[in-house]
Amino acid sequence: MSSAALLAQTALPPAPYADRQLDDPAQEKKAHDFMLTIRCLTCQSQSIADSNASMAGDLRSEIRQRIARGEDPEQIRAWLIERYGDWISYEPTAEPILWPLWAAPVVLLLGGGALVWGRIRRRKKESA
Amino acid sequence: MKGRWLTWLPLAVFAALALLFVGGLLRPEGRVIESKMVGKPLPAFALPAGASDRPALASAQFAKGKPRLLNIFASWCVPCAAESPQLMALKQAGIPIDGIAIRDARGDVDRFLARYGNPYERIGLDARSSVQLDLGSSGVPETFLIGGDGRILHQHIGDLRADDVADIMDRWKAAQ
């Protein structure tokens, strides 16, 4: 929460779909799953699905209405990233800066495999 | 000798990570999220009037050859009241300023302007923060400089302090 939010809050009621689910359960699930991956701008460590900030509510409403109109969640993500940068999305991208992250499991697996392979070979030599 | 080094390696890695995490916990980052829309054209919008004695605001009213300031504010926002003398000073210097009131009601905006002064030529009412989201703005108050060609040239996040006025004036003059 920012200090401004602590001092004052908007008196307006929440946007229509901020705290109201979509009527179609499949669309609601799509919208909710997507909201879990979008970072709140006011409470920066929460997703907008978890945040009570008024701006998060407005964004939830916007997302639900867009999904009800048939927009794809990834389209909405692109729209948000265009405005706020990668920061807004919790979903890791395939940008070069994240290549070490994607490579880590493979590297660890290969390293572990080599270690095990070495042990087995040594043990075989000892027992032979 | 080499083996002894390896024995201590996991502990060293652990200590380094522990230091990193404790450091992060002690100094949580209060991050400012800059709009990625700076340099791009102002998104299209048409908002209803936010105050009773000022006309409504639409994106078409920018891009008319002269740079303008676009101030994002709200009557419920305390730093917005704090920055009003700076906005009045900019207005007095001949800089045109338009406002967008976020999650607000016209009566509240009227009272706010009567109390703190009205530096705006036009005021739009953004009841659902939709234009704010379209601008890549992450809070109130924020001030955008819009060039005469309708492009967003600069974003100032947070309230304008007395020592920010000269910078905004210089940027506005440079944009002409």
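Here is a short exchange about chain B of a predicted model.

Colleague: Before we start, how is the numbering set, and what pLDDT do local features need?

Modeller: Residues count from 1 along each chain as its sequence is written, while chains are lettered from A and ligands numbered from 1 in the order in which they are written. Side-chain atom pairs count only at pLDDT 80 or more, and totals for chains, interfaces and linings use all residues, whereas local features need pLDDT of at least 70.

Colleague: How many helices and strands does chain B have?

Modeller: Helices (H or I, at least four residues) and strands (E, at least two) are DSSP runs, numbered from the N terminus. From that end, the elements of chain B run α-β-β-β-α-α-β-α-β-α-β-β-α. The count is 6 helices and 7 strands.

Colleague: Is chain B compact or spread out?

Modeller: The radius of gyration is taken over C-alpha atoms, and the globule rule is 2.2 Å times the number of residues to the power 0.38. For 176 residues the rule gives 16 Å, and chain B is well over that at 22 Å, so compared with a compact globule it is more spread out.

Colleague: Which strands stand at the edges of the open sheet in chain B?

Modeller: Strands pair if DSSP finds at least two bridges between them. In chain B, 5 strands form the sheet in the order 5-4-3-6-7, with mixed pairing. Each edge strand has a single partner, so one side is left without a neighbour in the sheet; these are strand 5 (123-126) and strand 7 (152-157).

Colleague: Which residue stands opposite Ala101(B) in strand 5 of chain B?

Modeller: Strand 4 (residues 97-102) and strand 5 of chain B run parallel, joined by 4 bridges. Opposite Ala101(B) stands Leu125(B).
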